[in-house]
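Q: Could you take me through the reading of this model, one kind of feature at a time? I would like the general idea before each case.

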Amino acid sequence: MKIICVGRNYADHAQELGNEVPEEPVLFMKPDSAVMQRNNPFIIPAFSSDIHYECELLLKIGRNGKCIDEEFAFRYISEIGLGIDFTARDLQAQLKAKGLPWEKAKAFDGSAYLGDFMPLSEFQDVQNLEFELLKNGQSVQIGHSAQMLHSIPKLISYISRYFSLKMGDVIFTGTPAGVGRVESGDELKGSLQGKTMFTLRVR
Ligand code: ZN
């Protein structure tokens with residue numbers, strides 16, 4: 001499986017990092033080796049002193065497709081989940097400044113945390129979902145899928161022009177404002193529509 005991530009899909013987050021709001025989706029990928037073991041803690045890697053959480057709505061792909069029309073996009077999604085795109089912000093800033101690819105900052109081992117998934121059929125309107133991340137019991141991110149700059153059908157269509165989607169692939173749809181650093185000992189808890197989707201320790 002592969003993981004395709006969308007950057008800058010919420011205007012408030014693009015602004016907090018001083019990035020311009022893009023006209024087209026910003027895409028990057030994580031390899032399957034980036035997926036964290038579900039019940040392990042997240043271990044801060046030695047090469048970064050500024051690891052950020054980015055809580056994101058996840059789409060699991062349920063059938064293979066390429067060049068998918070927006071109107072058929074939901075046929076290709078089997079499940080909706082919540083996860084964290086862990087980012088070495090210090091490394092990313094260095095790479096960005098030099099115009100280099102982001103992989104070392106975004107695709108390292110353990111950088112993709114996948115929480116629970118629920119069947120697509122359990123949601124009435126996927127473009128109208130609220131999710132929240134709590135850090136040590138305090139709310140740090142609240143996202144609403146209605147505020148995405150590029151809607152879910154548009155993302156599926158756009159991504160599949162470049163990369164064939166395969167069953168089991170996961171799309172990270174971007175993070176809202178409120179990203180921040182994790183420290184050893186932190187507890188991250190994510191919820192979707194009020195339901196807890198993961199609880200994760202940082203070490
Ligand atoms: Zn992200």
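A: We can begin with accessibility: a residue is buried under 20% relative accessible area, exposed over 50% and partly exposed in between, using a 1.4 Å probe and protein chains only. K60, for example, is partly exposed, with a relative accessible area of 23%. This is a predicted model, in which local features need pLDDT of at least 70 and side-chain atom pairs count only at pLDDT 80 or more, while totals for chains, interfaces and linings use all residues. Residues are numbered from 1 along each chain as its sequence is written, and side-chain values use heavy atoms, with hydrogens and water left out.

Q: Which protein residues are donors of the zinc ion, and what spacing do the donors follow along the chain?

A: Donors are N, O and S atoms within 2.8 Å of the metal (3.2 Å for Na, K and Ca), and water is not among the atoms, so sites may look incomplete. Here the protein donors are E54 (OE), E56 (OE) and D85 (OD), which lie 1.9 to 2.1 Å from the zinc ion, and along the chain they follow the spacing E-x1-E-x28-D. E54 and E56 are both buried.

Q: How many salt bridges does a search of the whole structure find?

A: A salt bridge is a side-chain nitrogen of Lys or Arg within 4 Å of a carboxyl oxygen of Asp or Glu, and the search finds ten. One of them joins the side chains of D116 and R38, at 2.9 Å from N to O. Helices (H or I, at least four residues) and strands (E, at least two) are DSSP runs numbered from the N terminus, and in those terms D116 belongs to strand β7 (residues 112-119) and R38 to the loop between β2 (26-30) and β3 (51-53), so that this pair links distant parts of the chain, 78 residues apart. Both partners are partly exposed, D116 with a relative accessible area of 29% and R38 with one of 33%.

Q: Where do K60 and E79 lie?

A: K60 forms a salt bridge with E79, the closest N and O atoms being 3.4 Å apart. Because K60 lies in strand β4 (residues 55-61) and E79 in strand β5 (residues 77-85), the pair ties together parts that are 19 residues apart in sequence. E79 is partly exposed, with a relative accessible area of 23%.

Q: Are K106 and D85 buried or exposed?

A: Both K106 and D85 are buried, and their side chains meet in a salt bridge of 2.9 Å, N to O. K106 is in helix α3 (residues 103-106) and D85 in strand β5, 21 residues apart. Salt bridges that share partners join K30, E54, D85, R89 and K106 into one network.

Q: How many aromatic pairs does the structure hold?

A: Rings of Phe, Tyr and Trp (its six-membered ring) pair if their centres lie within 6.5 Å, and planes under 30 degrees apart count as stacked, over 60 as edge-to-face and the rest as tilted. The structure holds seven such pairs. Among them is the tilted pair of F28 and W102, with 5.6 Å centre to centre and 55° between the planes. F28 lies in strand β2 and W102 in the loop between α2 (89-98) and α3, so the pair ties together parts that are 74 residues apart in sequence. F28 and W102 are both buried.
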